[in-house]
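Visitor: Hi, I'm new to this one. Could you walk me through it?

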Amino acid sequence: MRALIAAMVLGCAMFFTPMAGAETPSDEPDAGAEGSGGETAAEDAAEERAAQFVGVRGPEAESVPGGALLLGAYAIVWLLLFLFLMRMRGLQRQTAEELERLSLEIRASEDR
Amino acid sequence: MGHTHQSGSSTAWSLLLFATLVLFAATLYAIFVFAPVEQQMGIVQKIFYFHVPSAYAMYIGFGVSAVGSAGYLLKRDARWDAVGVAGAEVGTLFCLIVLLTGPLWARKAWGVWWTWDPRLTTTLLAGMIFAAYLALRSMGNAGEVEKRFAAGLALFGLVDLPLIHYSVQRWRGVHPTVITGKGGGLESEMYWALGLSFIAFTGLAVLLIWARASIERQREETAQLRFELMHR
């Protein structure tokens, strides 16, 4: 029984202590802003990032690198065209080899 | 006579190749130097100059495939079949370019890679129909039945092309309509870049279809020769 009570007290302590710790920094920004300068502001920003997630409101709210997307698009065009040309070259080579083999067979059958 | 015809055809192909290369150089200059950066979207809008002409080249490829397929179904001539295969392959290539470059633009413009907009959906459908055509034709040496079935599939795919084209006008969607009657249009430099790109992509599509059809004819003749040798 004592062990159970001790476990419950320990559990409550573990559950409530982080919550109390997380609530205390919310009072700090005002005090920090009055005190030091840029360093405190950076700390505040870090605290804000850690404390909340803010959803993106619409596509324009997110910065997407246009240059990289443009480069990717043009690279895709040239790459696919190159692959298609390689495929055609492969088909042509395959046909030429087949023709060579067939002409050898014809010559061999004529010699017989 | 046959040799003269072949030589003339080769010269025409080389001239077209040269003209297309020059046009592509001019197009790239027009896109990146002459045409201004778009106010709202920024530099990513320049994807438009390759994306839209690729869609147009896709229409050419699929259209040629449907014409070749119809010719094959009517005449049973292997030359028409070769045109059908070449058109389908080149059309699918440009369809793939459209379906891959579009999302890169959409990510910036719409905030998503893909959305089930009518034009996007019908383009994907056309790509899938012609991919099925190519899958059917790639199963070993296609026989008469496979060729006829594939030709029917290409004609079915042709029905989807007007749906792609008119989907932005008929149905509500998010696809831009800048070069249609409903759109606000482009700046004159942008029109120049797009016009040059359209001509360059037309040349490229014709070159690729021409070369691919020629290879397909050679393959068909080789297969015929092999068949005759086996049954000698």
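This is a predicted model: local features need pLDDT of at least 70, side-chain atom pairs count only at pLDDT 80 or more; totals for chains, interfaces and linings use all residues.

Visitor: OK, what scores does the model get?

Guide: It has an ipTM of 0.88 and a pTM of 0.77.

Visitor: Where in chain B is confidence lowest, and where highest?

Guide: Lowest in α1(B), with a mean of 87, and highest in α2(B), at 96.

Visitor: How many helices and strands does chain B have?

Guide: Chain B has 6 helices and 0 strands, so its pattern along the sequence reads α-α-α-α-α-α; here helices (H or I, at least four residues) and strands (E, at least two) are DSSP runs, numbered from the N terminus. Its C-alpha atoms fill a box of roughly 70 × 40 × 25 Å along the principal axes.

Visitor: And chain A?

Guide: Chain A has 4 helices and 0 strands, in the pattern α-α-α-α.

Visitor: What percentage of each chain is buried?

Guide: In chain A, 4% of the 112 residues count as buried. In chain B, buried residues make up 38% of 232. A residue is buried if 20 or more other C-beta atoms lie within 10 Å of its own, exposed if 12 or fewer, and partly exposed in between, with C-beta atoms placed from the backbone.

Visitor: How many residues are in contact between the chains?

Guide: 26 residues of chain B are in contact with 23 residues of chain A. Contact means that the C-beta atoms of two residues, placed from the backbone, lie within 7 Å.

Visitor: Which helices of chain B are on that side?

Guide: α3 (78-109) and α6 (188-230) of chain B each supply at least two residues there. The largest share, 10 residues, comes from α6(B). By type, the side of chain B that touches chain A has 15 nonpolar, 5 polar and 6 charged residues. Ala, Val, Leu, Ile, Met, Phe, Trp, Tyr, Cys and Pro count as nonpolar, Asp, Glu, Lys and Arg as charged, and the others, Gly among them, as polar.

Visitor: Switching topic: which residues touch the most others in the largest nonpolar core?

Guide: Ile47(B), Phe94(B), Ala193(B) and Ala205(B), out of the 57 residues in that core. A nonpolar core is a set of buried Ala, Val, Leu, Ile, Met, Phe, Trp, Tyr and Cys residues joined through C-beta atoms within 7 Å. α3(B) gives the most to this core, with 16 residues.

Visitor: What does Phe94(B) touch?

Guide: Leaving out residues up to four places away in sequence, Phe94(B) touches Ser54(B), Ala57(B), Met58(B), Gly61(B) and Ala205(B).

Visitor: Which residues of α5(B) are buried?

Guide: Among them are Lys147(B), Leu153(B), Gly157(B) and Ile164(B). What covers the buried residues of α5(B) includes α2, α3 and α4 of chain B.

Visitor: Where is the kink in α5(B)?

Guide: The kink is centred on Ile164(B) and is about 30 degrees. The bend at a residue is the angle between axes fitted to the seven residues ending there and the seven starting there.

Visitor: Where is Arg76(B)?

Guide: Arg76(B) sits in the loop between α2 and α3 of chain B. It has a positive phi of about 55 degrees although it is not a glycine.

Visitor: Why does Arg76(B) count as exposed?

Guide: Because Arg76(B) has 12 C-beta neighbours inside 10 Å.

Visitor: And Leu17(B), which helix is that in?

Guide: Leu17(B) lies in helix α1 of chain B, and it is partly exposed because 15 other C-beta atoms lie within 10 Å.

Terms used: Residues are numbered from 1 along each chain as its sequence is written. Chains are lettered from A and ligands numbered from 1 in the order in which they are written. pLDDT is the predictor's confidence in each residue, from 0 to 100.
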